[in-house]
Amino acid sequence: MSNNSAVGIHDLSFATTRYVLPHAALAEYNGTEIGKYHIGIGQRSMSVPAADEDIVTLGAAAAAPIIARHGNDRIRTVVFATESSIDQAKAAGIYVHSLLGLQSACRVVELKQACYGATAALQFAIGLVRRDPDQQVLVIASDVSKYELDSPGEATQGAAAVALLVSADPALVRIENASGLFTADVMDFWRPNYRDAALVDGQESVQAYLQAVEGAWKDYGQQGGRSFEDFAAFCYHQPFTKMAYKAHRHLLNHVGLVDTDKDDVERAIGQTVAYNAVIGNSYTASVYLGLAALLDQAEDLTDRAIGFLSYGSGSVAEFFAGTVVPGYQAHLRSEANLDAIARRKQVTYAEYRELHERSFPTDGGDYSTPTETTGPFRLAGLSGHKRIYQTR
Ligand code: HMG
């Protein structure tokens, strides 16, 4: 394979949680006018993890169908991107490696830079595959987004994992070389090691995101990227789906296309938001859930260019492009994706609140989690400060 040969996303699969809380229930509890959630931030419901679900069980559930379809003999690297890490030292991907029975001749590593981490993982994976095109890299983006109860961020919570198989001659999307980058030291959103809920300056975070979009796009142009008009659609990081619209309008203003009508904006964004609107913020997975929704719903994107804007608070952003591979439709998992969303069980506001406040004992004793998940893997409990996972 020459350096110019295609490398990209060969397969994409996602998983989400056992439970779901509709925004109507949150609005009823806190007295918010429902329009603020449904229209103002563009969210309908949020995925809520069961007591025996976490980033490992979600990540393994997302990746299992990929291993079932492609086998594991070419996978020599697993990169697990998350910002809701469960251990300061051990990579969550090692548990996934074990649950999926991957070969021992494999490197496994965890990556973090807020919601941007999965895009770093994708770019590093592409570099590895370019070096050795016989290898495939399993990228897993898995997160549980958790804010304080009764805070403005609460309505944007969610949880999901996306698994991407990165390979030469991909069946879904070829990733192009040009990439626009942007980093700025801002405190818009962060989570100190001693907290499990993020801290955020909401309005500042929106401005930081827009500044990063502009910076990444500017650099993309300087790196010889495509022109704005080339793109059939744009997958933005979606902390809430309205943010994708804000980001796109910001970019339109920046490139001087201020007169773009509403239908054109809807054509560029509308098919990327369906999954995020009902799952909520899945941090690292969010931009790739946008891609899944787009590929599942768009009529035919063969040979069309898609723009990706990945943002992670703190902050790092990257704009890059992918082209959709002929025949991609045969490799989609549209039915399974809709099923993962539809089979969630609705919880009441009180049940959600209890799940939100649940925490594990920290004394190192034995603790068993109740069996709640219907996914293929569960966190069975803790013993001696070790997490115990099971295949159901
Ligand atoms: P807020 O401040 O409570 O809401 O929370 P608001 O007052 O800004 O209202 C939101 C929108 O609803 C506004 O629209 C209102 O007008 C509208 P806008 O002016 O933005 O277009 N609205 C209504 N619309 C229809 N009918 C109504 C109604 N009422 C109001 N009745 C905030 C918003 C984003 C601050 C909050 O959700 C929050 O703190 N979220 C968490 C942070 C976040 O998501 N930031 C996004 C950018 S940072 C990012 O993406 C990174 C991140 O994913 C983490 C990472 O990288 O690790 C978060």
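**Strand pairing, annotated residues and ligand surroundings**

In this predicted model, a polar side-chain atom of Ser205 lies 2.7 Å from a nitrogen atom of the ligand.

Reader: Which residues come nearest to the ligand?
Author: The ligand has 27 residues around it. Ser205, whose polar side-chain atom lies 2.7 Å from a ligand nitrogen, belongs to the group that comes nearest.

Reader: How many Å separate an oxygen atom of the ligand from an N or O atom in the side chain of His237?
Author: Polar contacts here are pairs of N or O atoms within 3.5 Å. Gly35 supplies a backbone N or O atom at 3.5 Å from a ligand nitrogen. For the side chain of His237 and the ligand oxygen, the distance is 2.8 Å.

Reader: At which residues does UniProt place the feature "binding site"?
Author: The annotation comes from an unreviewed UniProt entry. The residues it marks are included in the lining of the second largest pocket.

Reader: Is Tyr147 buried or exposed?
Author: Tyr147 lies in the loop between strand E6 (136-145) and strand E7 (158-168). Beyond its neighbours within four places in sequence, Tyr147 is in contact with residues including Phe189, Asn281, Tyr283 and His356. Its relative accessible area is 7%. Because the limit for this class is under 20%, Tyr147 is buried.

Reader: What is the relative accessibility of Asn281?
Author: Asn281 is placed in the loop between helix H9 (274-279) and helix H10 (286-297). Leaving aside neighbours within four places in sequence, its contacts include Tyr147, Thr156, His237 and Ser286. Asn281 counts as buried, and its relative accessibility is 2%.

Reader: Which residue in E8 is the bridge partner of Gly8?
Author: Strand E1 (residues 7-16) and strand E8 (residues 173-183) run antiparallel. The two strands are joined by 2 bridges. In E8, the partner of Gly8 is Arg174.

Reader: How many bridges pair E8 with strand E13?
Author: E13 covers residues 316-324 and pairs with E8 in the antiparallel sense. Within this pairing, Val173 has Val324 of E13 as its bridge partner. The number of bridges between E8 and E13 is 8.

How values were computed:
Residues numbered from 1 in each chain as written. Predicted model: local features only at pLDDT ≥ 70, side-chain atom pairs only at ≥ 80, totals over all residues. Heavy atoms only, no water. Pairing = 2+ DSSP bridges. Helix = DSSP H or I, 4+ residues; strand = E, 2+ residues; numbered from the N terminus. UniProt positions renumbered as here; feature names shortened; annotations may be inferred. 1 Å grid on protein atoms, 1.4 Å probe; cavity = no way out; pocket = protein on both sides within 12 Å on 5 of 7 lines; lining within 4 Å. Buried < 20%, exposed > 50% of the residue type's maximum accessible area, 1.4 Å probe, protein only. Contact = heavy atoms within 4.5 Å. Near = heavy atom within 4 Å. Polar contact = N/O pair within 3.5 Å; in protein donor to acceptor, adjacent residues only side chain to side chain.
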